[in-house]
Amino acid sequence: MSHTPSPGRYADMKYVRCGNSGLRLPLVSLGLWHNFGKVDPFWRATNIILKAFDSGITHFDLANNYGPPPGSAETNLGRIIKSELYAHRDELIISTKAGYLMWPGPYGDRGSRKYLIASLDQSLMRMGLDYVDIFYSHRFDPDTPLEETMDALASSVKSGKALYAGISNYPPEETEMAAGILSDLGCPCLIHQEKFSLLRPAANKGLGRVLTKNGIGCIAFSPLAQGILTDRYLNGIPEDSRAAKEHGFLKKEEISEEVLNKVRALSEIASGWGMDISDLALNWVRSHDFITSVLIGVSTPEQLDANLRIIKLDPFTAGQMEKINSVMRSTNN
Ligand SMILES: NC(=O)c1ccc[n+]([C@@H]2O[C@H](COP(=O)([O-])OP(=O)(O)OC[C@H]3O[C@@H](n4cnc5c(N)ncnc54)[C@H](OP(=O)(O)O)[C@@H]3O)[C@@H](O)[C@H]2O)c1
């Protein structure tokens, strides 16, 4: 029997207009990069997705290569939608991407029209969907004319296989150019997906300005720096953590004493404000004007509950942001 969603699922979530578009995204979106592949327990993946949906998370983010093995996160989400949420497809925003290595040979990687169009067809097949809501170019490819990559996005939208076009990991200058090309093609760039956290604050510099100027939304990925900006690693590397998993993208070397000192300093501020480090890290990201949605990952329903606490928080004041930023600056020395 398919899932009966909570009738109150839209009561608490905040929905934020994505750039100049009419699409509103939840303040918290859920990504399926880790914990939803064939290697992960399917029952737990299902529980997390259904809990997220019941909490007002309408947006689930994928890419062709999420797993492992690559593609299996899309297959799993497709199974969950088919068995539990099919009646609610119109309440869901499903995104996928192409840009990194997916299949052997010269047509399974980067930014060519050949790759993007074939990859979108494969993603739709794996998920059992007629269309995705957002199709992204996953990274800028200097060896493909930008016009070709953008035309592949625009024709995906015009063919009805995607509703909106997005770009991810594009530097500010290339973002501005991509936005111009897409606009000329009659397919405005909806959204940019960028790595943005207290440990990776670069988007704050040039990208945010470009996005605001061009009316493009921004969804921040890895806002918890893959779990470092929580209490997860303060006492070593837990066996069930991403850093301990062979297929995890978080490498143990990234959790240096220097980084942990920053996390401890943030933890002190957070506890002074009655928060956890993760609350502080997520709320710092959402407190930037150019941010539409905070794109989290979780390995348990409990982590999801914890991360949803930011919905109840106000954005930080300029004074609070300065306090956090000054701690980050001072621990850089
Ligand atoms: N466009 C791109 O190139 C790109 C690249 C990367 C990611 N993304 C997208 O961004 C999404 C999120 O990335 P991410 O998973 O790195 O995000 P993240 O939220 O920074 O990290 C998620 C990990 O942090 C830990 N965690 C989360 N909440 C926690 C809590 N309350 N307390 C303790 N630990 C907690 C969990 O680690 P454990 O597993 O150890 O429990 C979880 O798997 C991805 O799924 C994907 O959709 C996009």
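This note goes through the barrel, the ligand shell, the helix contacts and some backbone details of a predicted model.

1. Basis. Because the model is predicted, local features are taken at pLDDT of at least 70 and side-chain atom pairs count only at pLDDT 80 or more, while totals for chains, interfaces and linings use all residues. Residue numbers start from 1 along each chain as its sequence is written. Helices (H or I, at least four residues) and strands (E, at least two) are DSSP runs, numbered from the N terminus.

2. Barrel. Eight strands form a closed barrel in the order β3-β4-β5-β6-β7-β8-β9-β10, and the pairing is parallel. Two strands pair if DSSP finds at least two bridges between them. Neighbouring strands of this sheet are turned against each other by 30 degrees on average, direction ignored. Axes here and below are lines fitted to C-alpha atoms, for helices over the stretch in contact, and angles run from 0 to 180 degrees between N-to-C directions.

3. Strands β9 and β10. Strand β9 covers residues 217-221 and runs parallel to β10, to which three bridges join it. Within this pair, Ile 219 stands opposite Ser 293 of β10.

4. Ligand shell. The ligand is surrounded by 30 residues, and the closest are Gly 31, Trp 33, Phe 221, Gly 227 and Gly 297. A residue counts as near a molecule or strand if its C-beta atom, placed from the backbone, lies within 6 Å of it. Helix α9 gives the most, with three residues. By class, the shell holds 10 nonpolar, 17 polar and three charged residues. In this count Ala, Val, Leu, Ile, Met, Phe, Trp, Tyr, Cys and Pro are nonpolar, Asp, Glu, Lys and Arg are charged, and the others, Gly among them, are polar.

5. Helix α5 (residues 172-184) lies across β7 (162-168) and β8 (189-195), and runs at about 160 degrees to β8. For contacts such as this one, two residues must have their C-beta atoms, placed from the backbone, within 7 Å.

6. Helices α1 and α2. Helix α1 (residues 42-54) packs against helix α2 (residues 72-85) at an angle of about 60 degrees, and the axes are 10 Å apart. The two helices are therefore oblique to each other; angles under 35 degrees count as roughly parallel, over 145 as roughly antiparallel, 65 to 115 as roughly perpendicular and the rest as oblique. From α1, Phe 42, Ala 45, Thr 46, Ile 49, Leu 50 and Phe 53 meet Asn 76, Ile 80, Glu 84 and Leu 85 of α2. This contact has seven nonpolar residues, two polar and one charged.

7. Helices α4 and α5. Helix α4 (residues 146-158) and α5 have axes 9 Å apart and pack at an angle of about 55 degrees. They are therefore oblique to each other, and their crossing is right-handed. On the α4 side the contact uses Leu 146, Glu 147, Met 150, Leu 153 and Ala 154, and on the α5 side Glu 174, Met 177, Ala 178, Ile 181 and Leu 182. Eight of these residues are nonpolar, none is polar and two are charged.

8. Helices α2 and α3. Helix α2 also packs with helix α3 (residues 113-127), at an angle of about 40 degrees and with the axes 7 Å apart. That angle makes α2 oblique to α3. Glu 74, Thr 75, Leu 77 and Gly 78 of α2 make the contact with Ser 123, Arg 126 and Met 127 of α3. The contact consists of two nonpolar, three polar and two charged residues.

9. Backbone details. The peptide bond from Gly 67 to Pro 68 is cis, with omega near -5 degrees. A cis bond also joins Pro 68 and Pro 69, with omega about -10 degrees. Pro 68 is found in the loop between β4 (59-61) and α2, and Pro 69 likewise lies in the loop between β4 and α2. Asn 35 is not a glycine, yet has a positive phi of about 80 degrees. Asn 35 sits in the loop between β3 (28-31) and α1.

Key. Left-handed = near helix turned anticlockwise from the far one by under 90°.
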